[in-house]
Amino acid sequence: MEKDELSASYEPGDVESRWYQYWLDKGLFRASDTSDKKPFAIVIPPPNITGMLHMGHALNNTLQDVVTRFKRMKGYNALWMPGTDHAGIATQNVVEQELAREGTTRHEIGREAFVERVWQWREKYGGIILNQLQKLGSSCDWSRERFTMDEGLSRAVREVFVRLYNDKLIYQGDYIVNWCPRCHTALSDLEVEYEQSDSHLWYIRYPTPDGKGELVVATTRPETMLGDTAVAVNPDDERYRDMIGKTALLPLINREIPIIGDSYVSSEFGTGAVKITPSADPNDFAMAQRHDLQIISIMNESAIISENGGPYQGQDCLTCRTNVVADLESGGYLVKVEPYAHNVGQCYRCRTNVEPMVSKQWFVKVKKLARASTAAVVKGDTRIVPSQWEATYFDWLENIRDWCISRQIWWGHRIPVWYCEACSEVIVAVDEPKTCTRCGSDTLKQDEDVLDTWFSSALWPFSTLGWPDDTPALRTFYPTTLLITGFDIIFFWVARMMMMGLYVMKDVPFRNVYLHALVRDEHGDKMSKSKGNIIDPLDMIDRYGADAFRFTLAVFTAQGRDVKMSEGRIEGYRNFINKIWNAFRFCMMNLKDFEEGRQLSPEDYSLCDRWILDRLNHAISVVTEALEEYRFNEAATELYQFFWHEFCDWYLELAKGVLYADDDSPKRAAAQETLMRVLRTSIKLLHPFIPFVTEEIWQRISDNGSSLMISDYPEADDELADADAAAKFEIIRDVINAVRNIRGVMHVSPGKKLKVMALCPEEEQAGVLREGSLYVIDMAGLSEFSVVRDTEDVRGAAVAAVGSIKVHVFLGGAIDVEAERLRLEKELKKIDIDLERVTGKLGNQDFMQKASEDIIIKEQTKMADLKGRSSVLRDALLRIGELAS
């Protein structure tokens, strides 16, 4: 398209697909393993292969792309490493659901066939989300795309497992774990999500064998009593001190169990006596270890009561609970039942209630690794932004439990452990052994379990760069520069990457961690299907373009605050993209005869030329500093403010006079040179946020034809700084705004020309206003503008103060003074009534206690708005009074 064939409106669809393909074809996203440039590296939080692009992905990847494009333009050898996660439990669930629709199960087709089926599913669907990220504009080095189960990463996983095992940091043992009866696998503590449930507290009588005494215990799960192996009391509780060391009879089962003393027991909860079921509660399990208690498992892997449940064998948990309570009541053991609300753990994938279960699992000893990860942040080797998350990070690492890494599923990295069926030797190896290292037998069987998905994800920063090989990429890009991720996986992923990076590489995996908040709806509520408030990123991109969508996300991303998003906000920033396009069209229409490189003197540049260049220089400094410190909203807001409100609203309007002149004067040439300079620089500054429209414009205004992506990012220039021009223009602009405010408050038509007089007691300011009088006349819509040092009392004018300057706006004939006074009084009366009602509501203690936080904030906002409008109207009435006097 030639410069004179510019579209009247910007259409993002064709532009975005065209330029993204251009960038791919030119290899502009690729980093070099060997380069003289300073390296910048960032690894993508690998989305699950089951995933579809949601608002969290959109925010996270927009911020990563903004930083990567910024660093690339700053001259860095910038690598953004892409890839996907195999997502063990989630992916297995999806494929199992497919099999169910076909009338079969994974057990019927067998492990080998099932795993092959998952690989087929991954080939068909696993890359969808990466294609969606391309629609967002993500400038990843796609030539390096990795998958957590590709051959290279699988080798890294086995290598780390073996090293940890040989260093005695991996062990297998019986331990109580979180068990999902639906997925039939153990879950880490972080994979359990809690939801409050309204239940009951059952008080049960445990008699002593001689029938002369009893203890009453309180429990939220009476069915688990079938596995009780003790009753515990606090040794300092005088009520029970004499009973410690004796025994009690377990109701219904009639098993004799010890009464023990343990300081963990709270004398304040329930009756002060608690039943101990080591197989069904982590705290009870720990107590059993301390007191050498028997552990009796009463449930199988599907949460069905086992043979250890006696007459209740074969019942599910809820049925068993009902029957146990009924039998306790009929046997005279049930003392009372009270309502009780408590948190119930659920599987984070299938939402099934989790059951504690004692089973043989593989664990990583993490205390030592955790201490090193804490020290790295304390020393400043890794910086967490915003710093408020450091305390959370430290607290979790301080109280960390050993990490259960085994999962009883089929899709994932199979644990590299083999058992010799001939001599029971345990072999841990990177490569599959052919024969037993002890007896030479070839009857080896591999461990059935797979590793927790987060185990392979913990290796992501170095495994993706080629480790365990000593690759050029690893030497160049590790430690990586930055990780951008959501605060909600600081434990799942960030802390574990820190532990593994320090253990394997002896250095942190990243120098900086930026933790962003969640994307919520415009009211601050979590997005969910049930609420109907989900915003689909792909729909937003189709409707408004990727640039508008990206800019909206960036402008609302303030450190430590959730992003409140609505379609209306995205639509609003689509207007900003259109504003940029229209400003570009205006510039091109006025630059057709622009002579690049013409010799001009400083005197050729007008006051507004000098002012906009000073403001441009300021914007460069602010945006650069904000991006270096990951203050995305500040950078985006500065760009919006500069381009729309300073460049478009002020400079372009002021420059029209000289630009429209049909001459070849140096003044016009200086205005054209300023116009082109500001446009080119602004487009560069905007590019990391809105890459598509800026590339489209750049290709028409560039003087070298290369991509904007690899152009030099602007740097602040002291020669552009012009404090004198800035100070002078601010005086002129303040006077113009004062006139505009009076015009607005007094309801004077924008087309009505007004007479204005500025009373300036200081000669310097008077000189500035005289120099800029044409600007004031043009931008304020005046018929006449005069500047005086002193004058007698002025009547018939509304007055505004601009510092020591008094701006007199003569409104004679512009308005009907009496009619305007009546209108203002009527409007003020209505506002005062509304304000009295809102103030009364917020002063009502009953309302403040019962209303939701959202409602209170809404009313407070309404009150502030009414007070502001009341103040404006009272000021207008005062001005009307001045006119009438």
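In the predicted model, helix α22 (residues 691-701) is largely enclosed by the rest of the structure, since 10 of its 11 residues are buried. The buried positions are P691, F692, V693, T694, E695, E696, I697, W698, R700 and I701. Elements that cover these residues include α1 (12-25), α2 (55-73) and α6 (128-136), together with α17 (546-555), α18 (567-589) and α21 (666-686).

Of the 885 residues in the chain, 53% are buried. Among contacts with a separation of 6 or more, 78% are accounted for by residues 24 or more positions apart.

Two helix pairs were examined in detail. Two packed helices are described by the angle between their axes and the distance between the axes. Helices α19 (residues 607-628) and α20 (residues 632-660) pack with their axes 9 Å apart and at an angle of about 170°. As angles over 145 degrees count as roughly antiparallel, α19 is therefore roughly antiparallel to α20. On the α19 side, the contact is made by C608, D609, W611, I612, R615, L616, H618, A619, V622, V623, A626 and L627. The α20 side contributes F632, E634, A635, E638, L639, F642, E646, F647, W650, Y651 and L654. By residue class, the contact of α19 with α20 divides into 17 nonpolar, 1 polar and 5 charged residues. An α-helix has 3.6 residues a turn, so residues three or four places apart point the same way. Positions in the α19 contact list include W611, R615, H618 and V622.

The second pair consists of α23 (residues 723-745) and α25 (residues 773-780), whose axes come within 10 Å and cross at roughly 30°. Because angles under 35 degrees count as roughly parallel, the two helices α23 and α25 are roughly parallel to each other. The crossing of α23 past α25 is right-handed. Residues F729, I732, V735, I736, V739, R740 and R743 of α23 meet Y775, V776, M779 and A780 of α25. This contact of α23 with α25 comprises 9 nonpolar and 2 charged residues, with no polar ones.

Beyond the end of α23, the loop between α23 and β26 (754-759) holds H747. Although H747 is not a glycine, its phi is positive, at about 60°. A positive phi, near 50°, is also found at A87, likewise a residue other than glycine. A87 lies in the loop between β3 (83-84) and α3 (88-101). With a relative accessible area of 4%, A87 is buried, because residues under 20% are assigned to that class.

The peptide bond between W467 and P468 is cis, with omega of about 20°. P468 is placed in the loop between α13 (460-463) and α14 (472-477). The bond from Y478 to P479 is cis as well, with omega near 0°. P479 lies in the loop that connects α14 to β22 (480-486).

T224 is located in the loop between β8 (214-219) and β9 (230-233). The relative accessibility of T224 is 5%, and this residue therefore counts as buried. Apart from neighbours within four places in sequence, T224 is in contact with K275, T277, A280 and I298.

L835, in turn, belongs to helix α26 (residues 817-842). At 14% relative accessibility, L835 counts as buried. When neighbours within four places in sequence are left aside, the contacts of L835 are with M863, L866 and K867. The C-alpha atom of L835 is separated by 59 Å from that of N77, a residue 758 positions apart from L835 along the chain.

How values were computed: Residues numbered from 1 in each chain as written. Predicted model: local features only at pLDDT ≥ 70, side-chain atom pairs only at ≥ 80, totals over all residues. Heavy atoms only, no water. Axes fitted to C-alpha atoms, helices over the stretch in contact; angles between N-to-C directions. Helix = DSSP H or I, 4+ residues; strand = E, 2+ residues; numbered from the N terminus. Parallel < 35°, antiparallel > 145°, perpendicular 65-115°, else oblique. Left-handed = near helix turned anticlockwise from the far one by under 90°. Contact = heavy atoms within 4.5 Å. Nonpolar A, V, L, I, M, F, W, Y, C, P; charged D, E, K, R; others polar. Buried < 20%, exposed > 50% of the residue type's maximum accessible area, 1.4 Å probe, protein only.
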